[in-house]
Every structure is written in C-alpha cells, then in structure tokens.
Amino acid sequence: MDKFVSVRIVKANDLDLNLFQFDYDLTFSIFFMNADKTIYGRYGTRSSVEDAERHMSKEGLAQALQSALMLHENYPGNRGVLAGKQPIISEYKEPNDYPSLRGRYKSTLDYAGEVTKSCLHCHQIQDAARRIVREQHKPISEPLMYPYPLPQTIGFSLDPQTRSKIKSVADGSAADLAGLRTGDEVITLGGQAILSIADAQWVLHHAKSSQNLPVVVQRNGERVSLTVKLVEGWRRQNDISWRVSSWGMRRIGTGGLLFQPLTTQERRNAGVDLDGLALRVKHVGQYGAHAAAKRAGVKVGDILISYDSQVGDWTPSQLLGYIGQKTVTGQKVAIRINREGKILNLTLPIQK
Amino acid sequence: MKYLFTVTVLCTLLGALPLRAQAQSERDKAVRLDKQEVSEDDFWIYDNFERAREEAIRSKKPLLIVFR
C-alpha cells in the first residue's frame, strides 16, 4: 500500500465526471491511476442490498494492487491495453451541472453543520441522468437502465479472492459457448487488461447491444484467445433491483412497491400461472409518491400477475426495466392482482 | 375526543422528531470523526485529489483513490 499515494474521496459534490466514471450505485469503489490521470483499473463490485461485500476480498484487492503496480512500472509502453479503460467525454462536467441537481449542493461539505445533508451521493448522478430522459418522454437506454453488468450476465463469474480467475461458467451461456472454462484466468476482455471484477464490468458496460467480444485467458500456462458473442437483449439479464437508483424507478412505475418473485411451489399454492408474471408485494410505500400503489388499493401479500397487459415471467429487475423503457410520465397503467385467489383490476399512475 | 386525538398525534410527532434529529446528529458526528481520524493518519490524504496528484507526480508513485 505504501507504494501508492492514497487518497480518500468522501463526496460527489464536485466530482469530475470526465475522469471518475464508475458504478455510481456503489458505496465503496477504488481507482488505480497514474498521476497524469491515466486509469490502470477499478475495484469494487456489489450485487445485493444485504451482502454488499460478497464480490470483494482483501486477497483479491491485494492482487489487483500488485497488477496496478506492474502496469505502473511498464507505463507508458502499455498504453494500448489501457486505452479502453479511460473515461468517455461526459456532457455534464460535474453532478451540479445536471438540471435536477443544479444549485442543490455546494462544492464543499458543511462540516460545522449538517454535514451528511450537505453531501451529494453518487447514486444521485444516475438518478439525474435518467430523469433527463424521462422528462423527454424517451425510453431509458439499456446502459443507463442496466449499468455495469456483472460477468454473470453473460454466463461466468470471477472469484473475488483472485484478480480474475473464473469461478463458474453457466451451461449454455454466451461464456460457455465461447469456450470459457472454470479455472481460466481472464487476462484481457475486450482488449483491456482485467485487474478485477469491476474492470470486467467496465468492459461490459461499454459493450454494444450485439457484438463479438474478444477474451484472452491463461489456461494451463498458455494464452488462449476466445470470442464471446453478445446477442441483442443480453444486458437485460443484469439484475438492477438491488440498486439505490432503482428506488426512483419503483416510485415512477409501481407507486412504491417492492416485489419478491414466487417459487414454483408458491405459484402452485396460490393458483397462479407457472410460467407467467408472479411477483408478490413485499412492501407498500406509505408516503408521498411512494404511496401511489397504496392509494390505488395494493396491499402487502398481493401477487402481481399482469402489468400494462404484460404477463411474461419477469424478475423485479425486468419489471423495472420495462417501466424505464416502455412507459411515459402521465400514463395510467392497468395492473392485475391476485389477492388470495380473488382477481383485482387496479390502475397505477406513471409518475415523475 | 377530537382534542384527545390531536394531542396524541402531536405527542407522537414531537416524540419522533427528536429521534430523527438524533439519528441525523449521530451520522454527522461519525462523518466528522472519520475526517479527523483519516486526516491525522499520515497514510491517507483526505478528500483532496489534486493534492494527491501533486504528491504522485513528486514521488512518481501511482494513485490509489478510494471512494467511500
């Protein structure tokens, strides 16, 4: 660690959005960087509310740090493998430039007063970006709706105890079809050196909706070049339901509902379609815009079986995706509820 | 009855307000304590990227930037 100059950033108020581009729903994130602002890599991954650290470990971080030091030693001769890691020009230079955040936060924190209230949180950047699109009555783009996909989205997981060793490959997935195997060490993905799961997520975040993604792995001491074929819709397998920024989508399209998918047995017990929409209401918001579903008559325990005439077997994440991409503010959406065997037809407003 | 209801609601609200304010105050205290501890630690530079960059240029070391 003493081979680095270490800085702790605690606020996003004056964040340079042309430099610090990462998963803004994280509560812990690391950049490895040259003093000339060339990024060597990123670290920090999350995929659930409850288990925030399951994709991170001291061992994995130590290996990422060592790899960053090696990249630093070989810099600038290795600029080629770092090119894709660099930020993309942002329309907004800092969070305060977003219309919905403008003037709300000062660039410094009020340590003498209510310091936490003076802090702009990273997830608000994501909210602000989506809000612009919603106000234009346009669908939210897939990268904005499903940001920073985990490698699991295309069928493989990386062992958080290592830098980039493949822990599992899902049968029949894009990764499986490409020939990736458990135990392979990912050296590059999309031509970029991979130091961590976060680096792989960066590559996937910027991947196209369909493309051939080159991968180089180390297998039994040899380098093997493979190609993962990304097909239209791959990004929608990315679970966004844990994200703080998804709370906004819940307010917008469900009026403050939190859902839990039903198991097959629960579907049988409830008498609902085994392969259709079946999301149980786990929580009903109580205040303001988050109480719109309550006002519409929805109760905890209700089972959502149709949303805007859609009856596909969605996860809560896919429902949020539909809201972001297929609904517009001001619209009324018909929902169908199964309440202890009784079918109810209700209406939810699509809110700001 | 209406008077009793109003008093009950007011008491509940007034009772809850200090709790909320207390939680806020605890969070503020934790942030201030964190600032003090990190600032006093020679290893970390607290919330000053440009200062860290200048140090990285001088020492030729890479930067480790933690958002937390």
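**Ground rules.** I number residues from 1 along each chain as its sequence is written, with chains lettered from A and ligands numbered from 1 in the order in which they are written. As the model is predicted, local features need pLDDT of at least 70 and side-chain atom pairs count only at pLDDT 80 or more, while totals for chains, interfaces and linings use all residues.

**Domains of chain A.** I looked up the division of chain A and found domain 1 at 151–237 and domain 2 at 246–349 (bounds from an automatic or database domain assignment). Their C-alpha centres lie 34 Å apart.

**Chain B by itself.** I found two helices and two strands here, in the order α-β-α-β along the sequence. Helices (H or I, at least four residues) and strands (E, at least two) are DSSP runs, numbered from the N terminus. Of the 68 residues in chain B, 15% are buried (20 or more other C-beta atoms within 10 Å of a residue's own, with C-beta atoms placed from the backbone).

**Where the chains touch.** I see 25 residues of chain A in contact with 28 residues of chain B (C-beta atoms, placed from the backbone, within 7 Å). On the chain A side, strand 1 (5–9), strand 2 (29–33) and helix 1 (58–74) each supply at least two residues. That side holds 16 nonpolar, five polar and four charged residues; Ala, Val, Leu, Ile, Met, Phe, Trp, Tyr, Cys and Pro count as nonpolar, Asp, Glu, Lys and Arg as charged, and the others, Gly among them, as polar.

Strand 1 of chain A runs parallel to strand 2 (residues 63–67) of chain B, and five bridges join them (pairing takes at least two DSSP bridges). I also noted that A:Val5 has B:Leu63 as its bridge partner.

Key. Two residues are in contact if their C-beta atoms, placed from the backbone, lie within 7 Å. A residue is buried if 20 or more other C-beta atoms lie within 10 Å of its own, exposed if 12 or fewer, and partly exposed in between; C-beta atoms are placed from the backbone.
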